[in-house]
Amino acid sequence: MHKLTYSQVTPKADFLNRRQLMAGVAGLGLAPVFAGHASAKTLEFTKSEYKVDAQTTPQEAATTYNNYYEYGTGKGDPAKYADVLTTDPWSVEIGGLVNNPGNFALEDILKDVTMEERIYRFRCVEAWSMVVPWIGFQLSDLIAKADPMGDAKFVAFETLHRPDEMPGIGWNSRFPWPYVEGLRLDEAMHPLTLMATGMYGEELPNQNGAPLRLVVPWKYGFKSIKSIVKITLTDKEPPTTWNRIADREYGFYSNVNPEVDHPRWSQASERPIGAGLFAGRIPTLKFNGYEEDVAGLYAGMDLRKNF
Ligand code: MTE
């Protein structure tokens with residue numbers, strides 16, 4: 001039976017309850033894990049093979065040091081301001097070059113997918129990094145259900161645009177809202193590409209992109225778009241927010257690459273957040289450590305040009 005990874009943050013009474021629950025479901029042949037704070041809603045999921053051999057970032061650091069410009073540009077702003085976002089009800093419009101388009105309630109999407117915990121490295125283009133236990137499902141499951149047409153080559157993603165619940169939209173009104181991102185279809189279908197609804201055994205906090213965000217662990221963090229409301233299959237490379245803002249600095253692919261520096265700083269190393277005052281920088285790995293899994297997607301491409 002799996003161990004309760006986060007039991008140290010769980011009050012004892014809760015912990016005992018979960019053990020009873022686990023005993024109850026064990027007979028069904030499932031291996032779910034129940035974990036989390038007493039305050040946040042906990043999730044049911046199974047552990048997966050996907051984990052890295054590195055210290056997990058403290059939950060406190062991963063949920064208070066964020067980039068979510070819809071809530072301001074300061075690292076502490078999202079944790080301060082994102083509480084106002086209404087994440088329930090939530091639906092995702094799936095369309096474009098698919099045979100099964102529609103506007104799907106998130107709860108219906110979640111009925112049909114396998115929820116797993118996956119511990120991934122996460123590397124921001126700003127050269128800080130985390131190791132996060134995400135909970136989510138493979139994007140490939142969702143795309144397969146949408147049934148892409150033969151000419152679909154790319155997947156475009158869009159974040160919610162709700163200025164009255166996103167004060168950063170007004171504070172930064174020249175930013176090209178809504179936040180948009182994209183992947184090539186084969187990248188989107190790759191088994192590592194995750195749609196996350198939780199982290200650290202709990203539902204995603206709003207500042208981390210609740211209720212549904214993308215996680216592409218071999219790419220710089222800005223590809224991992226938060227609070228997704230729209231997914232569109234297309235035959236053309238879709239525009240992406242940071243590429244629109246500074247195309248010399250942020251390419252469409254944005255695969256983590258220690259050999260290609262950002263025009264204004266080195267990408268050779270990174271600062272693990274929450275690792276303590278005296279923790280040093282660590283070397284950045286090609287494709288963020290996922291080279292074996294994903295390098296084949298880029299065979300024949302010049303990774304220096306297609307950054
Ligand atoms: N998604 C939206 N909608 N808005 C954003 O500002 N920031 C991106 C990405 N997704 C961003 C976003 C960037 S730059 C990073 S590094 C990650 O979210 C940060 O995710 P985290 O706050 O969960 O660490």
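These legends walk you through several close-up views of the structure shown above.

The model is predicted, so local features are described only at pLDDT of at least 70 and side-chain atom pairs only at pLDDT 80 or more, while totals for chains, interfaces and linings use all residues. Residues are numbered from 1 along each chain as its sequence is written, and side-chain values use heavy atoms, with hydrogens and water left out.

**View 1. Five strands make up an open sheet.** Read across the sheet, the order is S3-S2-S11-S6-S7, and the pairing is mixed. Strands here are DSSP runs of E with at least two residues, helices are runs of H or I with at least four residues, and both are numbered from the N terminus. Two strands pair if DSSP finds at least two bridges between them. At the edges you will find strand S3 (102-105) and strand S7 (180-184), each pairing on one side only. On average, neighbouring strands of this sheet are turned by 20° against each other, direction ignored; the axes behind this angle are lines fitted to C-alpha atoms, for helices over the stretch in contact, and angles run from 0 to 180 degrees between N-to-C directions.

**View 2. Strands S6 and S11 run antiparallel.** Here, strand S6 (residues 154-159) is joined to strand S11 (residues 228-234) by six bridges.

**View 3. Arg 184 and Asp 186 form a salt bridge.** Side chains of opposite charge can pair when their charged atoms come close. The term salt bridge means a side-chain nitrogen of Lys or Arg within 4 Å of a carboxyl oxygen of Asp or Glu, and by this rule the count comes to 14. For Arg 184 and Asp 186, the N to O distance is 2.8 Å. Arg 184 is buried, at 14% relative accessible area, whereas Asp 186 is partly exposed, at 35%. Buried means under 20% relative accessible area, exposed over 50%, and partly exposed in between (1.4 Å probe, protein chains only).

**View 4. Lys 236 meets Asp 235 in a salt bridge.** The N to O distance for this pair is 3.3 Å. Lys 236 is exposed, with a relative accessible area of 59%, and Asp 235 is partly exposed, at 41%.

**View 5. A salt bridge links Arg 264 and Glu 249.** Their closest N and O atoms are 2.7 Å apart. Both residues lie in the loop between helix H8 (241-245) and strand S12 (269-272), so the pair ties together parts that are 15 residues apart in sequence. Arg 264 is exposed, at 57% relative accessible area, but Glu 249 is buried, at 16%.

View 6. Look for the side chain of Glu 70, where an N or O atom is 2.8 Å from a nitrogen atom of the ligand. The side chain of Lys 226 has an N or O atom 2.6 Å from an oxygen atom of the ligand.

**View 7. Glu 117 sits in strand S4 (residues 116-123).** Glu 117 is buried, with a relative accessible area of 3%. From Glu 117 to Pro 133 is 16 residues in sequence and 6.3 Å in space, C-alpha to C-alpha.

Terms used: Polar contact = N/O pair within 3.5 Å; in protein donor to acceptor, adjacent residues only side chain to side chain.
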